[in-house]
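This briefing goes through one protein model by topic, from a loop residue to helix packing and overall totals. Please keep the sequence and the structure in view while reading.

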Amino acid sequence: MVLVEFGARYAGAVHKLFSQFMQFACKVADLVYSILCRSCVPALVKMAEGSKDQGGTGVAEPEEDSPNMIVYRKMEDIVTRIQDEKAGGVAIRTVKSFLSKIPSVVSGADIVQWLMKNLSIEDPAEAIHLGSLIAAHGYIFPISDHVLNLKDDGTLYRFQSPYFWPSNCWEPENTDYAIYLCKRTMQNKARLELADYEAENLARLQRAFARKWEFIFMQAEAQVKIDRKKDKAERKILDSQERAFWDVHRPVPGCVNTTEMDIRKCRREKNPHRVKKSVYGVPDDGQTQPSPIHISSQPTRKPTKEDVQKEITFLNIQLDRHCMKVSKVADSLMIYTEQFMEYDPFVMGVDPSNPWISDDTTCWDMEASREPSQQRVKKWSYSLEEALKDPVGRDQFLRFLESEFSSENLRFWLAVQDLKRRPLQEVSTRAQEIWQEFLAEGAPSSINLDSHSYERTSQNLKDPGRYSFEDAQEHIFKLMKSDSYARFLRSNIYQDLLLARKKQPADTEQGRRTSLEKFTRSVVSPLELGLFISQKPHWLAHYQWLLQLQPYYTL
């Protein structure tokens, strides 16, 4: 038995060390990858373009016949013509400001006039609209505003570097955005100060990447050191171009994100697998092969109208599904595992003994006790589901809701849970009782439901079953989770219970003090006591005898 317990603890320790090592390796790889990308990607792109011009096989280009790519090429052709001063383009100049110079800029009025002259546009509003579309895709951008549109005035604009053009099919991750915002905070300049929405995004990302924020900060520092070695004018241009890149991919609230790929547009294409990149998980051409499909020996029949309706319904459900990357799922699983590790008796030791490897069930008796331990009370804060699983947590939450006069929500949820466990012959009667108590007009404990859930529930009660209240129960659970549960964790009911369980009973042996010890500590100093005993030797034997009786004395 001892060997089994030792093996379980050793396996848990090895698993934990391996997980920490893998996290550290992934973070180091991210750091190296970010630094290499920052310093080497432009050179690699130029090398790939050079090898393509020489007839070699470079990086695979995106599909030129895709709708987005056709639009990108037309916009890039216009932008290239605007920048070509020799062929009648707009003059790019350096404007003198009050205390500095603004390099490589053009005015919005010059761009509008060029569009009207060279594209045969008669209406200025049409030229402004076309220029705003080009700006929304990031090809031109204002140097002093995050909103990407074109104005027919003296507003100064700058052209985006071809490296950041959307035709390169950029799909920046939130980690890259966090590095960029963190880098902005390191540069003490007014033009690089974060806007309000950027500061909110930075705080949100810092909470999301709390475990790897130190490495994000290191990557930002490395990029700042590289940027400081560049010329001042070049650094100013690159900073504005990088800011414009993120204004396209992480736009200002209220602005349209032009980089989003609509999955419905992909499905309308002849071959959706030809799309090079997609945030919805469309695979690249030649990389993913379809899974083998079992072909039935029965002859296929012509689909009916009902079959088509079912397929449409199924596809609409698939479109509404929430997709998440495997890396985020793995991070969530590791966080969940670390959070609940202390509650797993196979991984961590439990007090007083492990019931799985011994005959002592005291641990299970303590878990079922009406006096919860500090560990049980702490578990209630993980989620509302954990609080409702524990009978004591459920009672405390109900007590809190009663103090807020909203206990009908939890009582309805518990009644529906009880309905699911009822015998089948009692379901119909109990379902009508729940309806009359919580949902009928003039119900004594009326709950707040949205119209959709109310209609679905009323339709289900025409043929009542165990799951007739499923929609209403889900709505009430979300309501409690988003509103009442957060206040419960901040309430005095929960905080007092949590703090009370944290207090450990004082050691009785250390708390005992004899009357003689109390007297000598409060009245007589050690030096005075030594002088007194030296003058009266017969007191020494009595004092030693009293010290031997000290455990039997109490204050």
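Phenylalanine 405 counts as exposed, at 74% relative accessibility, where exposed means over 50% relative accessible area, buried under 20% and partly exposed in between, with a 1.4 Å probe and protein chains only. The model is predicted, so that local features need pLDDT of at least 70 and side-chain atom pairs count only at pLDDT 80 or more, while totals for chains, interfaces and linings use all residues. Residues are numbered from 1 along each chain as its sequence is written, and side-chain values use heavy atoms, with hydrogens and water left out.

**Loop residues with positive phi**

- Most residues other than glycine have a negative phi.
- Phenylalanine 405, although not a glycine, has a positive phi of about 60°, and it lies in the loop between helix H15 (391-403) and helix H16 (407-420); helices here are DSSP runs of H or I with at least four residues, strands are runs of E with at least two, and both are numbered from the N terminus.
- Serine 120, also not a glycine, has a positive phi of about 55°; it is found in the loop between helix H3 (108-118) and helix H4 (124-136), and it is exposed, with a relative accessible area of 66%.

**Packing of H18 and H19**

- Helix H18 (residues 451-460) packs against helix H19 (residues 470-490) at an angle of about 150°, with their axes 8 Å apart; axes are lines fitted to C-alpha atoms over the stretch in contact, and angles run from 0 to 180 degrees between N-to-C directions.
- H18 and H19 are therefore roughly antiparallel to each other, given that angles under 35 degrees count as roughly parallel, over 145 as roughly antiparallel, 65 to 115 as roughly perpendicular and the rest as oblique.
- Ser453, Arg456, Thr457 and Asn460 of H18 meet Asp471, Ala472 and His475 of H19, a contact being heavy atoms within 4.5 Å.

**Packing of H5 and H8**

- Helix H5 (residues 174-186) and helix H8 (residues 232-249) pack at an angle of about 135°, their axes lying 12 Å apart, which makes H5 oblique to H8.
- On the H5 side the contact is made by Asp176, Tyr177, Tyr180, Lys183 and Arg184, and on the H8 side by Glu242, Arg243 and Trp246.

**Overall totals**

- The protein has 24 helices and four strands, and buried residues make up 32% of its 555 residues.
- Of the contacts between residues at least 6 apart in sequence, 60% join residues at least 24 apart.
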